Amino acid sequence: MGGQIILWEGNTPASIPASATSPEKILPFANSRQLSKRDCSQVINAFKNQSYEMVSTFIWSKAISSLKAQLSKLGTGFIAEMLDRADIDEGASITEVLTDYDALRLAYELGVITSTGYLRLKHAFEKIAHFGQLPPEEADEVQMSEDEAVGVIRACVENILGQNKIDAAVDFKKFRDHLESAVFEQDASDIKLLVNSPYFFKRASTRIVLAMIKSSTGAQLDNALGNANVIMPLLWPELLAPERFQVGRAYSEVVADGKAQAASGLKIILLKVKGFDYVPEDLRSRSFSSIARKVLEAHEGFNNFHNEPGPMKALAEMGSVIPRPAFPLCMTASLCVRLGNVYGVSFAARPHANSVLKRVSKERWLFYLDSCLRADDRILEKLISDTIYARWVSLVQEFELGSVAEDVKDRHVRELIQESKDASKPVRVRQIVTRMLMKNGYKVSY
Amino acid sequence: MRHKHQESQAERPMSQSVSIRNDLGKSLGPFLRKEKIVGRKTKDVLISVVCQLVHHKEEGQQLFPEILLFDDLTSILKSLPNSEHVVVGVGPMVPESLTLALKRCAPLAQWGWSIYLTRMREEEKVEYGLLRCGLTALSLSASELLFHEGHGALPAILISHVSQSTIQVSGAHGNSLRIHFGAVEEPRDDPVKVIKRFCASVVRGVPIEVREPVSNFYSRLLSAVLRSGHGCLVAVLSRKKAGVSQLLKDGVVINPALDVASKVSSLLRYKSCEYDTTLRAAAALIRGMLISDGITVFGPDGSVRVYNVFVKIPKRLDAIAGKPGGARRRAFEFLCSRVGRELKGSLIISQDGHADFRGV
């Protein structure tokens, strides 16, 4: 994000010297309230016994539980809105419904961890998930290496277990508190910052405001609506379809819940931005979104190759036409399955993903490429990997996306597709994707 | 003889014809201007609808449909989430079409359905049918979204039969006109606003996160009672005690109390059909209690505690006993005298569409 103006930044990670390359040297940096001395000595002993996977999994589960516990303090409604997950109800336990991947993304978006921390933790998670799903016969042959285990321990201690208190970034909290306690002027410095920020902050701010409108009452609701009235018209021209649908769905939900004041406020905003096309017509889209979420949960969880086919098959069999509000998420889910991860694809789930993708019309492909892909971080992050890039090229060829891309307005997306017509330019494609991710506010390294 | 006859004709007073249409036209003109709705035909349509609606009966039974009048059906439907509509017919913009529209649609306009009339400007025609929106018993209705939470960018007019002899015409800009066809003196307060004030009082003890939906729930229920022309009398207890004061014990005590707030809370939390059905069932029960004889008593937490209560006005309160009005009005005056003590408030809705609330 070099040189870009940003609203908040992640908390500084624990400073572990680069020379610390063993658990004995890294674990002293762990906070004793998060990792007891007994835990530390057991980890060191297990490491000495070369139980690298066991140690990594233990440290990971400690770190991610701590992270989820901290995130849950922000409130279920807020978390559900930030993740755009209408399926999480107010009474749900965050530690149960939040996947590890979601927890990491959210922690990054709220400034709980830095972009580098997010990247390292994501790599650590991928390693653990990969080694965890190997069949027994393969697991005996391919074991996690010492370096890989050290990388996991370091990432967890540095970003989570080494922190005195895991908390959202101070700037983020100030911004959120202000949204509830007072109404921003259109020319306020924070609003100017927001308008000039990467997409990531615009998306996060939209979700924060919507979460507040749905959960606040009284003066706080007045302020949240007042701020939404200032912020949304400024952000709307740049908001992509998934976020616009989220605003439309929030309106639909407050109307369904009988929250007249919130409904009135959101209606005024939708009238201002001419956004009623993004209000879902019925409940069908909810069912599609819910199954697509299950596909993503399976894809981003442990043992993904085994768990993907069930929900992907269900999504493929739901109906030939996906309702527009659910379309972006269904595309992300189907593309995730089709492209797989760095370790391969689920052969049982892939035909079902293909079946969904084959039914997507040219107009809808254009809509996805033009209005969704630019901010579809899940898919963009995948394209950085060489192995996934090869599968992406075959997808571009199979669905003749080159001809669709001619009508795409976004320059980066158009270039990305054109350069993916054959597998000859992996470096160029990686550069384009990196630029797109950085424009969205993400740090990229490979 | 002829001369005599001519003379007697001249002396005889002329018969005079008085039509409510003229007065209505005079009032609707400024109303439409404030609502930024133009066109002479709109005024004529509106007058026709109002006049037909007040006496509209089907098989001898009076109906109380809500009628929505607007230009752009597509935009209106887009602003009503989870909405659906049924086109019933199209006809020229003449009173006969409206009569037919009312005849065909009014019996269907119940359980959340409203009649709509939309102008097809290019063809000078009117399309009519039914529309509804919402998912559960708590969802805001089409009229609530378009008018109570209305916005000038979506111009529309709502014609509703608020009580047996009163028609209310409201606009998206927030202007409204109440038209009384009865012989009674004009009520001072808008009964719908009185009901809203009462609901705000009933839900004051309800957890804040469900206060608004519970208030809307009761508001809709009492508006239905108002329209049905039954009248009702309600009291709200001031303290959250388990028992009911001696004063109101002469009735059917509901044990355990009908806890509407918890039903609303469950529906909002789980959003399941099961909780929606439970809430709708509770609404039907409470409506029955409200239109039963006697007083219905609410707890300060929005629960329903007792119904079918009759109070005896003590002799020392001769002033109340001697007051004009029926038994319900006198009972209301008595309940008002207890506000600030065991009662927090009391509401009366009379058969003629008059509503009065006293309390906090």
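Student: Is Gly294(B) buried or exposed?
Tutor: This is a predicted model, in which local features need pLDDT of at least 70 and side-chain atom pairs count only at pLDDT 80 or more, while totals for chains, interfaces and linings use all residues. Residues are numbered from 1 along each chain as its sequence is written, and chains are lettered from A and ligands numbered from 1 in the order in which they are written. A residue is buried if 20 or more other C-beta atoms, placed from the backbone, lie within 10 Å of its own, exposed if 12 or fewer, and partly exposed in between. Because Gly294(B) has 20 other C-beta atoms within 10 Å, this residue is buried.

Student: How far apart in space are Gly294(B) and Asn308(B)?
Tutor: Gly294(B) sits in the loop between α10 (273-290) and β12 (295-298) of chain B, where helices (H or I, at least four residues) and strands (E, at least two) are DSSP runs numbered from the N terminus. Asn308(B) is 14 residues away from Gly294(B) in sequence, yet from C-alpha to C-alpha the separation in space is 4.4 Å.

Student: Which residues of α2(B) are buried?
Tutor: Helix α2 of chain B covers residues 20-34, and what covers its buried residues includes α3 (40-54) and β9 (176-180) of chain B. The buried residues in α2(B) are Leu24(B), Leu28(B) and Leu32(B).

Student: How many residues does chain B give to the contact with chain A?
Tutor: Two residues are in contact if their C-beta atoms, placed from the backbone, lie within 7 Å. By that rule chain A gives 24 residues, and the number from chain B is 25.

How values were computed: Expected span 1.5 Å × (residues − 1).
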